[in-house]
2 protein chains.
Amino acid sequence: MPEDFELPKVLNAKKDKNFSKWFHQILYLANIIDQRYDVKGCFVWLDYGYKIMLSIKRVWDRLFQKNGYREMYFPLLVPIHYCAQNDKWWAGFKNEAFWVKGGPEGKENYILRPTGEPAMYPMFKLWIRSYTDLPLKVYETVSSFRYETKHTIPLIRDREITVWHEMHTCHATKEEADRELKLQMAMWDKLWKECALWPLKVWKPKWECFPGAVGAVEYYSVMPDGRAMENGSCNNLGQAYAKKFDIKFRDRDGKEKYVWMTCTGNGARLLIAMIAMHGDNRGLVLPPNLAPIQLVIVPIYYKTNKNVVLTFARKIEKMLSRKFRVHLDDRPDKTPGSKFYDWELRGVPIRLEIGPRDVKEKQVIAVLRDTGDKIPLKLKNLKRDITGLLNSMQKRLLEKAKTFVQNSIEDVYELAKLKGLVQRKKIARVFWCGDGQCWDKIKAQEPGIELFGTDLKPAKKAGQCIACGKKTRTIGYVANTY
Amino acid sequence: MPEDFELPKVLNAKKDKNFSKWFHQILYLANIIDQRYDVKGCFVWLDYGYKIMLSIKRVWDRLFQKNGYREMYFPLLVPIHYCAQNDKWWAGFKNEAFWVKGGPEGKENYILRPTGEPAMYPMFKLWIRSYTDLPLKVYETVSSFRYETKHTIPLIRDREITVWHEMHTCHATKEEADRELKLQMAMWDKLWKECALWPLKVWKPKWECFPGAVGAVEYYSVMPDGRAMENGSCNNLGQAYAKKFDIKFRDRDGKEKYVWMTCTGNGARLLIAMIAMHGDNRGLVLPPNLAPIQLVIVPIYYKTNKNVVLTFARKIEKMLSRKFRVHLDDRPDKTPGSKFYDWELRGVPIRLEIGPRDVKEKQVIAVLRDTGDKIPLKLKNLKRDITGLLNSMQKRLLEKAKTFVQNSIEDVYELAKLKGLVQRKKIARVFWCGDGQCWDKIKAQEPGIELFGTDLKPAKKAGQCIACGKKTRTIGYVANTY
């Protein structure tokens, strides 16, 4: 439990005034997580939050399996001698690992899975003998662990990183690996659309990639507090890891060669980005494609017409539940108003209100979570109309996210104007020559900012590096990052 | 990796001659697990095995959620002070726990989740204030960890117990908890039917239950090697844990009371029981309701008619894939014979063979995995016919399991005849007075045997205790156990 954590009773923080407080309140009140579990950087997933995560997993599963990825599970305990094969990484990482021993008097022979590589790659070495074993495409959904010494933030910087999806591939040629990376990016783009999110895609600075790797594309979320949050990456590992873990195959020409590898992954940060992008002062706003409950039916009645209304509501529930994820809120001890409050907090896309008059008119009143619009819908075309409303809400949210990201980007041409980005809630787009000293100069403009990546495509027209003035086509993005 | 593990190339062990070797061969060759991961008691779930486990999870999810259980996720790291609340358990267990510390120089403040209680119950205490918070019904699917010092057997006795489902409930009254236990047993019975398995249900001997608990019903699998394997239990915990973890609520009458609790759980042993019960010398035989692939289509053609056959096969695949889990095996470099071998090994319930003549006759040849029967099916009623074949196979397998369990039980009236049970592949049913000394006498008849539980219902007619001759209605079951 964070020391300053206060259990919220109602959502009263304002998103635009105190984003951090609003975020913590919503995580608990919308039944997403409980932070009171007494281990730093760990928390309990409550049922509603866990359901959203499983919705995201379903999209991943569909995308991966369609593209030939096989889901497996690798053990949590990673032996030290597996880790040590990747010597440089291990020298740096071992202080950030959780060490494990059997019994209080045991020897520390293992660490907790920090990331897939050290557990998976020694197995890949066993599995791959010949070009006929390639490509090998594997994924798993697990918890990963970091003994994070920095300040932890739930779902952003945790010690147990939960519901983490990661996929790893091995190929016979560089060209195949390059193509796989493009395929991964296409899967990511689809996933982000389902989440109604718009990414800022950049190349990771070369010196932050694994030595010997070809490069990495990183997806960033622009957060409402004006900061950029890394939100997954697609890594073209080249043969760097294959050499560390000695993963070789006999090719058609009879020669032994190292495989070419890629990997990619993501976890709860997509949920965080959804909450941050679309939530409002009344709670979550979930994109219809991922919402665990798409429609909540709230019957509104007096004692005298209770049965009529409830019967009608149950009929509607039955009619819709084959096509949609529906919940009928028939709790007898709650007022309609308190039901509205509960489901708005949980971000259910459409509320269907049913009163005595609606029974007579053979209709329901649809209330849209994002706009608040109230729309009477006749029973006759109910399924078709609801499908239309959900689809247009999904599109509207995606469009909103796109506009937000685009409007957050500010072209900056002078070093001094890199100050105050967070106050202005802006990400700076700058020309940068690619030089490390210029990178340092940019970073030095204000504590917390950095050039976190470069545009996937070079500029059509060259400009002057913001730091040294040299002509360049490389565009960099500068922001405070999480 | 077990020291004596040899990587099998073909399934050549015979199930009835060398069950253990057959079992290890099938686990690897049917793509279920790879035991070569270099940590004792841990293994990699390969994609096919993991898919079967997720099929089982889907049944659990449906059953639980329908009955008001909420899926959550509790952290892996359990602080020592949570464990210590259950003082007697902790005194015994701490040597069997994996201890964890942050970094190589850290302090051991946590253990790895050994079972749900120590992580969940301190949270339950926070969540439960009043009778309106009850019942609380929670489940999670996780890995659990034991620093198992005994010989490990994959999926039966592991150090990482994977895809483990466990559910915990809190109630206001003993009656409600009793009712919940019955509900749990009803859910279990449904699950076992989906797995085409027949349980031997017994009361756990009182002295093996948690002190203060009301009792526990245990489900046992009778294994083909004549041993009994515990395969999940439904525990009526009474108020024993509530007192240890101080879980109280304010009741309608204004008084503070301890809650009444139940818990139940299971993991990969259901898969083990399915493999053991239904597998044969050609591989797995999976019950249709759980098989990740229900139908595999194998086209059989020469060069001259390849296109005609493949086109027809694809049409059949498309036609069936809306209703069934279908796979078309169109690998160009494999013979039909090697495809048959692969899918028989993986236990796919029905193989659909399609040759040039079948195209002409507008039919497919269905080959049943369990009986080997070959049945031509006309296209006209294909979906209906396949539904019928799958349903009758599911029933046939269940019936086979029931008969097997019933035939494995032998009434024994003399202590001396408790010898040689494993050689005879029998479970002994005996009268037992309930006395601990008599229990010891039974156990002493042969190393490895024990009276592992008593029948849920007392005998209609009393008999004499096998050990002391006293009249009793209690029926006990004696066997070598896993």
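**Exercise 1. How many residues of chain A are in contact with residues of chain B?**

Solution. Contact means heavy atoms within 4.5 Å, and by this rule 51 residues of chain A are in contact with 51 residues of chain B. This is a predicted model, in which local features need pLDDT of at least 70 and side-chain atom pairs count only at pLDDT 80 or more, while totals for chains, interfaces and linings use all residues. Residues are numbered from 1 along each chain as its sequence is written, chains are lettered from A in the order in which they are written, and side-chain values use heavy atoms, with hydrogens and water left out.

**Exercise 2. Find the salt bridges across the interface of chain A and chain B.**

Solution. A salt bridge is a side-chain nitrogen of Lys or Arg within 4 Å of a carboxyl oxygen of Asp or Glu. The rule finds 2 of them across this interface, and one of these joins Arg70(A) to Asp47(B), at 3.4 Å from N to O.

**Exercise 3. Describe the strands that pair between the chains.**

Solution. Strands are DSSP runs (E, at least two residues), numbered from the N terminus, and two strands pair if DSSP finds at least two bridges between them. Strand β5 of chain A (residues 98–102) pairs with strand β5 of chain B (residues 98–102) in the antiparallel sense, over 5 bridges; in this pairing Val100(A) has Val100(B) as its bridge partner.

**Exercise 4. Why is strand β21 of chain A described as largely enclosed?**

Solution. Buried means under 20% relative accessible area (1.4 Å probe, protein chains only). Because 4 of the 5 residues of β21(A) (residues 427–431) are buried, the strand is largely enclosed by the rest of the structure. As for its neighbours, β20(A) (residues 409–411) runs parallel to β21(A) and is joined to it by 3 bridges, whereas β25(A) (residues 475–480) pairs with β21(A) in the antiparallel sense over 4 bridges.

Notes:
Buried < 20%, exposed > 50% of the residue type's maximum accessible area, 1.4 Å probe, protein only.
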